[in-house]
Amino acid sequence: MSDWYVSFEEILAEHKDDFLAAKDSQSTCRRQVLRNDDPVDLPKALKRAIRHYYYQFITDEDDRKAEDDIFRAEQEADQSIVSPGEREANARPKDASFYKKQLTDWDVAQKLFKQEMDDYDKEEQQKMGVPHSIKHRTGHARQWFNSMTFGQKKEVQQARDKWNEEGAPPESQAMYRKRNLKKNLDAFSQEVRRTMGCRIVMLVSHKKPGEMSLGVCIHESEPLACKKAFTVSSAGNKEWVADGFKKFSEWSKQEFYPCDNEDENDNQEEEEPEDKPSLPEIVLDKEGFGQLPSRTDVPLKGQQELIHQIVHASYKVFTGSSKPVPWGVISSDPATYVDLNCVPKGFVFKDPSHMRTVDVNRLWRHWELRKLGGEKLIIFVGSRVADLSAARLANAIPLERTKKRKMYVEIDKEPAKPSLPAQCSTTR
């Protein structure tokens with residue numbers, strides 16, 4: 001036996017006779033000894049240790065057998081007790097609507113300790129001598145909640161923080177999102193319009209089943225005075241939305257699927273900026289076109305930046321301004337803006353930061369051939385009107401987009417079948 005009892009030797013000796021004198025192991029006297037009239041209840045482990053200490057002085061066989069039964073019952077109860085982690089996992093609500101508002105300790109305690117509250121309610125109602133009634137349960141549950149132990153309070157607080165941070169289980173979120181996302185976004189935008197007179201554009205992202213999979217969408221207020229919604233009202237807005245959509249998707253991927261070494265990489269970039277290899281300077285010819293530098297020992301990111309600088313220099317020559325290259329517009333109709341002889345056959349235009357290694361290598365080898373032939377690396381033949389300087393705009397020739405004429409169909413001279421309408425054409 002441990003020597004813990006040495007520190008409480010006087011107290012144990014004081015109550016020894018009272019404990020042994022009570023033959024019934026469940027008697028009020030023995031429970032009073034274990035409680036010792038202390039307003040703070042003793043820990044179960046200490047109560048058990050006191051019983052074991054007094055057990056060595058019990059001589060009556062029936063009394064010893066009764067104490068053995070108590071020890072055995074306590075051991076079985078200990079084996080059936082679940083851990084805090086298991087209790088939290090079993091009690092966590094699966095209904096997504098439970099997490100609509102910020103959860104409080106009271107909300108969480110009713111889920112974690114539902115059985116304990118029910119047992120306390122039954123015990124109290126038996127003392128009151130009334131049949132089981134729901135009207136007393138809330139009051140008894142509050143009494144139990146207010147008298148929780150320190151360990152129970154800590155367990156409730158930990159579960160509260162976890163449930164508020166993580167929300168409903170992923171499968172419940174997916175089902176609730178499928179049923180309510182669009183409806184809730186529409187209701188929110190309408191409420192903001194009616195109560196505060198606001199118009200909104202929202203980018204919304206969420207996890208999807210599958211490895212590193214995301215769902216991203218755009219939600220906006222319905223226009224009242226304008227004919228078109230903001231995202232489709234102009235070419236510039238479309239480009240802005242496309243660029244924002246890509247950037248938000250990249251950010252969401254890092255948010256939902258963070259890398260373990262992401263912070264370390266950020267710190268290394270901040271602390272060691274001088275260790276990065278410097279990019280070669282883009283030399284411009286007399287007209288302002290960029291010349292192809294050497295890419296030896298330049299990483300992929302650096303090569304992408306060099307391509308960006310070369311293309312921007314050529315776009316600056318054409319527009320006479322420093323406006324950025326509209327990659328989204330060019331990629332949708334490259335023949336209108338760029339001489340296609342300046343790029344490999346079948347080359348897909350995109351922002352250089354999104355080019356893969358194979359794309360960069362193909363474009364770079366093509367430009368090396370043009371450099372050997374004394375040709376410009378890339379030549380623009382068109383641009384957005386908003387990007388032209390005032391001088392270039394005065395001499396600009398607007399692009400005429402001809403509508404496709406409908407193909408003329410010769411009318412069959414044979415009589416048409418009665419079941420089908422006859423084709424006809426009119427000349428005005």
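**Entry 1: ground rules.** I take helices (H or I, at least four residues) and strands (E, at least two) as DSSP runs, numbered from the N terminus. This is a predicted model, so I keep to its confidence limits: local features need pLDDT of at least 70, side-chain atom pairs count only at pLDDT 80 or more, and totals for chains, interfaces and linings use all residues. Residues are numbered from 1 along each chain as its sequence is written, and side-chain values use heavy atoms, with hydrogens and water left out.

Entry 2: I looked up salt bridges, where a side-chain nitrogen of Lys or Arg is within 4 Å of a carboxyl oxygen of Asp or Glu. My search of the whole structure turned up 17 of them. I started with Asp118 and Lys114, whose side chains meet in a salt bridge at 3.1 Å, N to O. About one helical turn separates Asp118 and Lys114, because they are four residues apart in helix H7. For accessibility I use relative accessible area: buried is under 20%, exposed is over 50%, and partly exposed is in between (1.4 Å probe, protein chains only). Asp118 is buried at 14%, while Lys114 is partly exposed at 48%.

Entry 3: Which residue does Glu116 pair with in a salt bridge? I found Arg87, with the closest N and O atoms 3.6 Å apart. Glu116 sits in helix H7 (residues 114-128) and Arg87 in helix H5 (residues 84-91), so this pair ties together parts that are 29 residues apart in sequence. I noted Glu116 as partly exposed, with a relative accessible area of 28%, and Arg87 as buried, at 17%. There is a network here too: salt bridges link Arg87, Glu116 and Glu155.

Entry 4: Next I checked Glu239 and Arg384, whose side chains meet in a salt bridge at 2.6 Å, N to O. This pair links distant parts of the chain, 145 residues apart: Glu239 is in helix H11 (residues 235-256), and Arg384 is in the loop between H16 and helix H17 (390-394). Glu239 is partly exposed, with a relative accessible area of 22%. Arg384 counts as partly exposed as well, at 24%.

**Entry 5: the largest core.** Then I turned to nonpolar cores, each a set of buried Ala, Val, Leu, Ile, Met, Phe, Trp, Tyr and Cys residues joined through side-chain atoms within 4.5 Å. The largest has 26 residues, and Ile307, Val311 and Trp367 touch the most other members. At least two residues of this core come from each of helix H13 (300-319), helix H14 (327-332) and helix H16 (357-372). H13 gives the most, with five residues. I listed the contacts (heavy atoms within 4.5 Å) of one member. Not counting residues up to four places away in sequence, Val311 touches Val325, Trp327, Trp367, Ile378 and Phe380. I also found a second, separate core of 18 residues, with Met148, Val156, Ala159 and Trp163 among them.

**Entry 6: aromatic pairs.** I count rings of Phe, Tyr and Trp (its six-membered ring) as a pair if their centres lie within 6.5 Å; planes under 30 degrees apart are stacked, over 60 edge-to-face, and the rest tilted. I found seven such pairs in the whole structure. One of them is Phe113 with Trp144, a tilted pair at 5.3 Å centre to centre and 45° between the planes. Phe113 lies in the loop between helix H6 (105-112) and H7, and Trp144 in helix H8 (residues 137-146), so the pair ties together parts 31 residues apart in sequence. Phe113 is buried, with a relative accessible area of 1%, and Trp144 is buried at 10%. Tyr315 and Phe380 make an edge-to-face pair, 4.9 Å centre to centre with 65° between the planes. Tyr315 is in helix H13 and Phe380 in the loop between H16 and H17, so this pair ties together parts 65 residues apart in sequence. I have Tyr315 as buried at 0% and Phe380 as buried at 5%.

**Entry 7: one histidine.** Is His219 buried or exposed? His219 is buried, with a relative accessible area of 9%, and I found it in strand S2 (residues 214-220). Leaving aside neighbours within four places in sequence, His219 is in contact with Leu185, Asp186, Ser189, Ile200, Val201 and Met202.
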